[in-house]
Amino acid sequence: MKTILFKVWKFPQLSETFIVNQIVLAIRLGYDVRILVGEFSDISKNGNLQLFERFNLQDKIIIEDYKVPLNKVQRIIKAGQLVLENLRLLPKLKSYYKESGKKGVLPLYEFFFYEQFRAIDIFHIQFGTNKHPIDLLKKVGLLKNRLIVSFHGHDLYFPINRRIPNNGYYDSLFNQADYLIANTPFLKSKLLELNAPEDKIKIIPVSVDTNFFQPLSMGTTSKIVKLLTVGRLDELKGQKYGIEAVKKLISSGYVLEYYIAGQGSYLKKLQSQVKRLKLEKHIFFTGALSQLQIKKLMQESDVFLMTSITNSLGMAESQGLVTAEAQACGLPVIAFDSGGIKYTLEEGKSGFLCPEKDLECYTSKIELLLKDEVLRNKMGKDAVTFIDKEYSEHSVIKKWKEVYG
C-alpha cells in the first residue's frame, strides 16, 4: 500500500473543508495516509467532526515538532549526537545548509526530523506556502519522494499574507515538484504568470461529496423564497452586495428572506448595513455552522447568492467550493464573474453570471428566479446534474489516480 503524507499548517480549519475532503478521497482510494501539521486545532467544534471520527483522522496526525532542547548546551550536544549517528548523511546536510542559507542548529534539526519520511511514497503539500523545507530537501537528495503541490488561491498573490515577497519564492518548488495542482483554469493562469512549468500543471477541481450534499427528496415547502450566502465574512466574499440587492427587491415589493452564514471580521459592518437599510426582518446572520447545518440550510433554501468579488488586494476566488455544494443541493446560483467562479456553474442553465459589482444585473437575475418558480426548479435540477458530472468525487477520482500513480 502506497503512503501519502499531506503537509498542512493549522489543521483542521473550519474554512478549509476542501483539505479534509482531499485527505478522505486519498483514503477512499486505498492509500495509507498521514497528516503532517504545524499546529493541530481542537476538532470538537469543527464542522468536519463526523469525517474525523469516521476516518480516524486524528490518529493519522504527526506534529511537526523538531524536539529542539531549550537548554543551549543540551541543544548542541543533541545536534552532535544526530550528526555522529548519521555520518553517511553529512554531505547532504552540508548541502542543505548551503541551500537554506541558514546558520545555527535549527536547519540540522529540520533535516533530521524529515529524514524519518524518506520511505513515504508521496508528499502532498496543501498550499504552496507550506513547502518548506521539502523542496530544498528534495533538491539536496535527502528526500526522493514524489511531490505534489495543491495551490488554492491566496498562496499565489504576492506579497503573500502581506509579508512574503516574490523573490524567486517558488523557484525551487516548481523545479522539484512532480505536479502542481490548480482547481480551475483561472488558478492555472496565476501559476503561469509566476513561470511555473506548464507541463507540470494539472487542473483538478475540488470535489463535492454528492452523497452528502444532495437535494431534499420532497423539496422546500415554504411559500417565502429563501436566498442564501455561505462564506467567511470579509471583503472578498462581498456579502454587502447581496444585502444591497435584497434591499432593491424588498423595495419593489418582493417577499423574501436572506440568510448569511459564516463568521469573520466584517460581521459588525454587515449588521450595521442591514440595520441602516431597515432589513432586520428580512436578513438573518446564522454565525458559523457545521457541514451538517450548512447542508440543511441549503436544502431549505431556494436560490444561492455567490457574492464574492475581487478585493482591494487584487485577490479573487480560485474556485468557490460552496457554489458547487449549493448546486449539489439543488440550488440555482447567481454569482459575479470573479476569479474562477465561472467554471463552477453552467451559465444560463444551473445559474447566472453578472459582471463584478453590477448590482442592476445581479438584482434582475434574482428577480427572474423569484418570479418564475418553474425556471427556478428546472435550474436547480440542472445544477444537480452539472455538479454530478463535473465536481462529484467519482468525476475527479480518475484524475487523482493519474497524479498519485
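**Salt bridges and a buried loop serine**

Helix α14 holds both Lys-378 and Asp-382, which sit four residues apart, about one turn of the helix (helices are DSSP runs of H or I, at least four residues, and strands are E runs of at least two, numbered from the N terminus). The two side chains form a salt bridge whose closest N and O atoms are 3.0 Å apart; the term covers a side-chain nitrogen of Lys or Arg within 4 Å of a carboxyl oxygen of Asp or Glu. Asp-382 is buried, at 17% relative accessible area (buried is under 20%, exposed over 50%, partly exposed in between, with a 1.4 Å probe and protein chains only).

This is a predicted model, so local features need pLDDT of at least 70 and side-chain atom pairs pLDDT 80 or more, while totals for chains, interfaces and linings use all residues. Residues are numbered from 1 along each chain as its sequence is written, and side-chain values use heavy atoms, leaving out hydrogens and water.

The structure holds 16 salt bridges. Among them is Glu-317 with Lys-237, at 2.5 Å between the closest N and O atoms. Glu-317 lies in the loop between β11 and α12 and Lys-237 in the loop between β8 and α9, so this pair ties together parts 80 residues apart in sequence. Glu-317 is buried at 9% relative accessibility, and Lys-237 is buried at 15%.

Turning to the loop serine, Ser-392 sits between α14 and α15 and is buried, at 0% relative accessibility. Beyond its neighbours within four places in sequence, Ser-392 is in contact with Ser-207, Val-208, Thr-210 and Ile-387 (contact means heavy atoms within 4.5 Å).
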